[in-house]
Amino acid sequence: MTKEAQPSFHPASAPDFVPAPLLRKLQLDRLQTIVKHAFENVELFRHRVESRKLRPGDINSLADIAKLPFTTKVDLRDTYPFGLFATSLRDIVRVHASSGTTGKPIVVAYTQKDLDVWTSVMVRSFAACGLHEGDIIQNAYGYGLFTGGLGAHYGAESIGATVIPISGGNTDRQLMVMKDFGVTAICCTPTYFLHLIDRASQMGVDLKSLPLRAGVFGAEPWTQSMRKHIESVTNIQAFDIYGLSEIIGPGVAIECPNHDGLHIFEDHFYPEIIDPETGKVLPDGEEGELVLTTFSKFAMPMIRYRTRDITALVPGQCPCGRTLRRMRRIGRRSDDMLIIRGVNVYPSQIEAVLLEVEGTLPHYQIILTRAHGLDQIEVQVEVTPQVFSDRVGALEALAEKLMDTIERVVGIRIKVTLVEPQTIQRSEGKAKRVIDKRAQS
Ligand SMILES: [Zn+2]
């Protein structure tokens, strides 16, 4: 397809622009259907609803959703592997599982129709990023039990792009393919892309000379500073995509070219923001924990699933014309929070400081230890080769500056150690930013 013939609007995006009153009506219809389906087929949900003296027929408005019980990650663990399935195994055509850090993974399931919904939201995601037929998409999300690889894969195929199912890892080959195949867009975790940037510069590959123009980055929170860095060393427009396996995988929400929050595909996923302490629903604009309900997933409906992600719904309409509400980019998860000497510390706050100060590289680790019963925290960050080859005084001054800035933002003084480029272990998937050695000390 020639450049002139490229469509600017993909028909699959039509539901993004449905007038709000119609969207609300559709949401209520779908909510009633899915609540009834879950009530009839998921024992845990039925018991909880009954114990509140409720019946599915009591849901008569969208606000009534607040009467329903929450679902948590613990519920998924407790019912491992198939306890929350709402259809017979014969109707389930695929399962995925999260790579749980402790014990058993979390298993999620899809009927063919569920997969079709997933593909459709991925098509709408790519379309919002300006991708279309003729694009060459390098899909470096991991293929396998993780939802990232296959989720992006089917969406990219369905939009008519040429998909390179390269999966994660083998960085040199990734760069060779990117260059030789004329890749125009890449999907991966933002930290893996940083690694690709690094390796490209070592190999003398100028990413700005390639046709690569879009990056769809997700599966972990990333900061505005990281976006600036990525966009300064490539010609990429970087898009944040949000999703989680429990809800469907990637494709729950996506940035449009305005980059002012992520549009939630509300015709399939209903967002609420709650106070994580009280569980009370908060109005649009207020920050709290994101709770999602799936309207269109029948193998494993999730009603009021507590994501642990902290965000807010953005009030007002986006200039792009989408009627779908937006959520602010996830800066932190409620369970990411570290409590150090009584102070709440979020790794994303530290990251933002590190990336704003000249001379550091976007590779860092936060190391927690315990000495004499007291928690100790140290940040190790790589600095540019120039800084490292500079006189010792320059290194000390930079460390001092970082410690001052972090103290101003976080409220406690944290030791910062500057390390040589390439010292910190690289990640091919989600980065491990926090190394907690407290149990060993
Ligand atoms: Zn928009």
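Predicted model: local features only at pLDDT ≥ 70, side-chain atom pairs only at ≥ 80, totals over all residues.
Buried stands for under 20% relative accessible area, exposed for over 50%, and partly exposed for what is in between (1.4 Å probe, protein chains only).

## Q174

Q174 is found in helix α6 (residues 171-180). Helices (H or I, at least four residues) and strands (E, at least two) are DSSP runs, numbered from the N terminus. Q174 counts as buried because its relative accessibility is 0%.

The side chains of Q174 and Q138 are joined by a polar contact of 2.7 Å. Such a contact is a pair of N or O atoms within 3.5 Å; within protein, one must be able to donate a hydrogen and the other to accept it, and residues adjacent in sequence count only if both atoms are side-chain atoms. Leaving out residues up to four places away in sequence, Q174 touches Q138, A140, I166, S167, G168, G169, Y192 and L196.

## M226

M226 lies in helix α8 (residues 224-233) and is buried, with a relative accessible area of 2%. Residues up to four places away in sequence aside, M226 touches P190, L194, E351, L355 and R433. The C-alpha atoms of M226 and Y192 are separated by 12 Å, with the two residues 34 apart along the chain.

## Whole chain

The chain has 11 helices and 21 strands. Buried residues make up 54% of its 441 residues. Of the contacts with a separation of 6 or more, 65% are between residues 24 or more positions apart. The C-alpha atoms fill a box of roughly 75 × 65 × 40 Å, taken along the principal axes.

## Conventions

Residues are numbered from 1 along each chain as its sequence is written, and side-chain values use heavy atoms, with hydrogens and water left out. Local features need pLDDT of at least 70, side-chain atom pairs count only at pLDDT 80 or more, and totals for chains, interfaces and linings use all residues.

Note on methods
Contact = heavy atoms within 4.5 Å.
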